[in-house]
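Here are a few notes to read with the picture open beside you. Find each residue as you go, and take your time.

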Amino acid sequence: MVVLDPPLYTPSPSDPFSTPTEGSTFMYNYEFEANPPPDSHIWTRDGEPLSSGGRIALSTNINTSSLTIVDVNRNDAGVYRIFSSNAAGNGSALFTLSVYCKFLRVYYFNTVWLGIYVVVSL
């Protein structure tokens, strides 16, 4: 007798709320169990399908599906979901991505005798 199991996802890391800093590389993995294996994995952000290309890479191996975003920016924030299905049914999981802004230090110098301000960024 063959037992069929729909896809079941376990996040790795286990925290469904992730907050990388702008400019960093972000990776989120889902381990999954399913019998038979899912035909495909579909990633979405805020309900819109994602595909590999540019700063985004999607990959799946035997039991893990991964999302990688290079050079994360504030526009990448949102709710990410992975969907899949097999003969036993459907599976999905989601996480929320927030992005910390990079801190920019700005110094103001006032040269009164010229009456101008100079801005230096470090």
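Predicted model: local features only at pLDDT ≥ 70, side-chain atom pairs only at ≥ 80, totals over all residues.

1. Let's start with charges. Side chains of opposite charge can pair when their charged atoms come close. How many salt bridges does a search of the whole structure find? The search turns up 2.

2. One of them joins the side chains of R74 and E22, with 3.1 Å from N to O. Look at where the partners sit: R74 is in the loop between β7 and β8 (78-86), while E22 is in the loop between β2 (17-18) and β3 (26-35). They are 52 residues apart, so this pair links distant parts of the chain. E22 has a relative accessible area of 17%, so E22 counts as buried, given that the cut-off for buried is under 20%.

3. R55 and D76 also meet through their side chains in a salt bridge, at 2.8 Å from N to O.

4. Now for the nonpolar core. The largest one has 17 residues, and Y30, L67, I69 and F95 have the most contacts inside it. Strands β3, β7, β8 and β9 (89-97) each supply at least two of its residues. Which strand gives the most? That is β3, with 4 residues.

5. Y30 is worth a click. Leaving aside residues up to four places away in sequence, Y30 touches a list of residues that includes Y9, P11, W43, I82 and F95. T64 is on that list as well.

6. That brings us to T64, which lies in strand β7 (residues 64-69). T64 counts as buried because its relative accessibility is 15%, and the cut-off is under 20%. Its side chain makes a polar contact of 3.3 Å with the side chain of N63. With residues up to four places away in sequence left out, T64 touches N29, Y30, E31, F32 and S59.

7. E48 is exposed, with a relative accessible area of 54%. E48 and Y80 are 32 residues apart in sequence, and their C-alpha atoms are 9.2 Å apart in space.

Note on methods: Residues numbered from 1 in each chain as written. Heavy atoms only, no water. Buried < 20%, exposed > 50% of the residue type's maximum accessible area, 1.4 Å probe, protein only. Polar contact = N/O pair within 3.5 Å; in protein donor to acceptor, adjacent residues only side chain to side chain. Contact = heavy atoms within 4.5 Å. Salt bridge = Lys/Arg side-chain N within 4 Å of Asp/Glu carboxyl O. Core = buried A, V, L, I, M, F, W, Y, C linked by side-chain atoms within 4.5 Å.
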